[in-house]
Amino acid sequence: MKTVLQLQSIEKSYGPVKALKGVSFKVPKGSVFGVLGPNGSGKTTMLGILLDVLKADAGTYHWEDYQDASAARKQIGSLLETPNFYHYMTAYDNLEITATIKERGLDDIDNVLKKVNLFERRHTKFSTFSLGMKQRLAIAGALLGNPDILVLDEPTNGLDPVGIAEIRELIIQLSKQGITIIMASHLLDEVEKVCTDVAILKQGSLLSAGPVIEVLNDDDWIEVGCSDNEALAALLRRHIGLKNIIVHTFVQVSFGNEMDSEALNKYCFENGFILHHIQKRKRSLESKFMEMTK
Amino acid sequence: MNLLKIEWLKLKKYNTFWILSSLFAGLFLLWNYGVNKSFISTGKGPANLFSSTYSFPQIWGNMAYIYSWFVIFLCVFVIISISNEFSFRTHRQHIIDGMERLNFLNAKAFLVLSIALSATMFFILTGLLFGFMNGGGNPFENFEKVGYVFLYTLNYLSFSAFIAFFIKRSGLSIMLLLAYFLIESIISGLINWKFDTYFGNLLPLQSSDELLPLNALKTLNNLTGNAQTEAPIYLLVAVSAVYISLYYVVLRRKLLTTDL
């Protein structure tokens with residue numbers, strides 16, 4: 001599969017704090033690549049290095065198909081941390097500067113403003129915008145000139161639920177057009193809905209990277225309950241095929257593909273446990289994420 | 001040219017730019033008019049340090065000294081313009097959008113150069129206006145003062161930009177600039193007095209100050225026997241040019257290596 005971006009052993013420290021500890025991965029062309037991690041895991045630092053606002057202490061990155069990083073950035077639409085615009089200028093004027101720097105997209109300003117529902121406010125000063133509007137303008141700037149690649153750091157930050165849904169739809173639409181999207185986000189359900197690939201960071205280290213379906217893995221969970229869940233959990237822990245177990249209101253177990261609901265129900269009954277609750281659950285990225293990053 | 005175009009897009013919508021430019025131009029014109037008509041003076045007769053001689057060739061030197069005080073408006077604007085980039089974090093955004101780091105510095109260098117050239121052109125036009133109003137003469141005599149005006153402006157604006165890139169806050173940068181004026185004057189005077197030399201006049205801003213002296217003060221010092229040894233003009237010009245280059249070199253290194 002063709003790659004648009006390769007990172008090789010990227011390291012970055014802020015004084016004694018090591019923000020990135022030798023991170024390497026590849027971003028496939030046309031993918032929606034999620035970068036996940038708890039606060040302080042190094043996501044924004046990594047994107048900052050890719051966009052040349054931060055200098056890596058070691059390691060390299062390479063945008064395929066581009067002469068150099070500056071040429072690549074002109075073809076990439078980016079949103080990093082906060083929306084950065086001139087407060088005394090209007091939305092249109094700010095995007096005019098962005099387009100002039102990128103040397104493309106001057107005739108696309110009205111179009112991108114319409115995409116983010118800011119067209120009616122295009123002649124309003126940035127200083128009067130709400131947080132959500134500022135975020136929309138930043139997204140509009142990233143979309144100027146139909147970029148081949150989008151790099152988005154928390155794109156739904158500050159948006160209301162309608163706005164979040166709109167951005168999700170926009171990302172899906174752009175992905176269908178073949179645009180590669182690299183997206184850092186805390187909203188795991190949003191990442192789960194749109195991402196094809198994912199990299200998970202924790203304290204500057206890469207825990208896992210690859211297609212969502214592989215990182216997520218195929219494990220199904222079965223949720224069971226009886227009158228004595230603690231005793232039931234103790235029984236299931238002794239099962240040789242058990243992969244994972246979580247005890248809350250019910251007992252959630254994962255056996256991989258070795259045991260289905262019927263077999264589990266039979267096993268519990270044969271060992272004296274009558275289940276009053278049994279339900280199959282698809283493993284969520286959130287539970288996997290929480291487990292990997294704890 | 002694209003860099004200048006980008007800077008112009010920012011300037012043309014910025015009220016502060018138009019206000020400070022207008023203040024510089026308007027007040028400079030008015031002040032010169034006042035000095036020329038002698039209703040602005042430091043006293044009568046020999047006590048008036050502002051010469052009202054506005055005919056060629058004396059006008060260039062007399063007006064240049066006045067001009068040196070008004071450059072502060074342009075210095076303040078340069079500081080605000082650069083500090084804004086850090087306050088709004090647009091310096092990061094420019095790089096994210098694809099501008100090379102060195103080009104971000106070059107854009108500001110071109111801005112400073114353009115302002116210096118425009119201010120010098122305005123100085124020339126004002127000089128020609130008052131010069132012809134006050135009788136004839138050869139406007140190109142003593143015209144080297146125009147070159148010193150340009151160098152002076154470029155030095156002061158570059159130094160202001162230098163401060164702004166490091167401090168990143170407009171208020172503090174402006175205060176530091178004003179404080180530095182005083183500090184350098186003190187150090188310069190101290191060196192010259194202590195060592196009976198002119199080397200104190202080779203400090204960053206002083207080297208350009210000496211190119212636009214107050215002629216009446218020099219005459220007064222000569223008359224009273226307080227004349228100081230003067231640095232040769234060529235040395236002042238060379239030193240000013242070296243400082244201007246040094247600001248750029250240091251900023252270049254800073255921008256290319258540090259996190260934004």
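## A buried serine

Let's start with one residue: B:S207 is buried, because 24 other C-beta atoms lie within 10 Å of its own, and 20 or more is enough to count as buried. Keep in mind that this is a predicted model. You'll find B:S207 in helix α8 of chain B.

Who are its neighbours? Leaving aside residues within four places in sequence, B:S207 is in contact with B:N201, B:L202, B:L236, B:V239, B:S240 and B:Y243. Another residue to look at is B:A241, which sits 34 residues from B:S207 in sequence, with 9.6 Å between their C-alpha atoms.

## Chain B as a whole

Zoom out, and chain B turns out to have 10 helices and 0 strands. Reading from the N terminus, its elements go α-α-α-α-α-α-α-α-α-α. Of the 260 residues in chain B, 39% are buried. As for how the chain folds back on itself, take the contacts in chain B between residues at least 6 apart in sequence: 77% of them join residues at least 24 apart.

## Helix α7 of chain B

Now pick out helix α7 of chain B, residues 170-195. This helix has 26 residues and spans 37 Å from its first C-alpha to its last, close to the 38 Å expected at 1.5 Å a residue. Its buried residues are B:S173, B:I174, B:L177 and B:S188. Following α7(B) comes B:D196, with a positive phi near 50°.

## Where the chains touch

How many residues does each chain bring to the contact between them? Chain B supplies 22 residues and chain A supplies 24. On the chain B side, the elements giving two or more residues are α1 (2-11) and α4 (90-96). The biggest share comes from α4(B), with 6 residues. Sorted by class, the chain B side has 8 nonpolar, 6 polar and 8 charged residues.

## Helix α6 of chain A

Over in chain A, have a look at helix α6, residues 161-176. Its 16 residues reach 23 Å from first C-alpha to last, close to the 22 Å expected at 1.5 Å a residue. Three residues here are buried: A:I167, A:I171 and A:L174. Viewed down the axis of α6(A), the buried residues fall within an arc of 70°, so they line one face of the helix.

What does the buried side of α6(A) pack against? Its buried residues meet β3 (32-36), α5, β6 (149-153), β7 (180-184) and α7 (188-194) of chain A. The face turned away from that buried side carries exposed residues, namely A:P161, A:V162, A:E169, A:Q173 and A:K176. Just after the helix, A:G178 has a positive phi of about 95°.

## Two helices crossing in chain A

To finish, find α3 (residues 91-102) and α5 (residues 131-143) of chain A, whose axes come within 10 Å and cross at roughly 35°. The crossing of α3(A) past α5(A) is right-handed. A:A91, A:N94, A:L95 and A:T98 make the contact from α3(A), while α5(A) brings A:L137, A:A140 and A:G141.

How values were computed: Residues are numbered from 1 along each chain as its sequence is written. Chains are lettered from A and ligands numbered from 1 in the order in which they are written. This is a predicted model: local features need pLDDT of at least 70, side-chain atom pairs count only at pLDDT 80 or more; totals for chains, interfaces and linings use all residues. Two residues are in contact if their C-beta atoms, placed from the backbone, lie within 7 Å. Helices (H or I, at least four residues) and strands (E, at least two) are DSSP runs, numbered from the N terminus. Ala, Val, Leu, Ile, Met, Phe, Trp, Tyr, Cys and Pro count as nonpolar, Asp, Glu, Lys and Arg as charged, and the others, Gly among them, as polar. A residue is buried if 20 or more other C-beta atoms lie within 10 Å of its own, exposed if 12 or fewer, and partly exposed in between; C-beta atoms are placed from the backbone. Axes are lines fitted to C-alpha atoms, for helices over the stretch in contact, and angles run from 0 to 180 degrees between N-to-C directions. A crossing is left-handed if the near helix is turned anticlockwise from the far one by less than a right angle, and right-handed if clockwise. The expected span of a helix is 1.5 Å times one less than its number of residues. The arc is that of the directions from the helix axis to the C-beta atoms.
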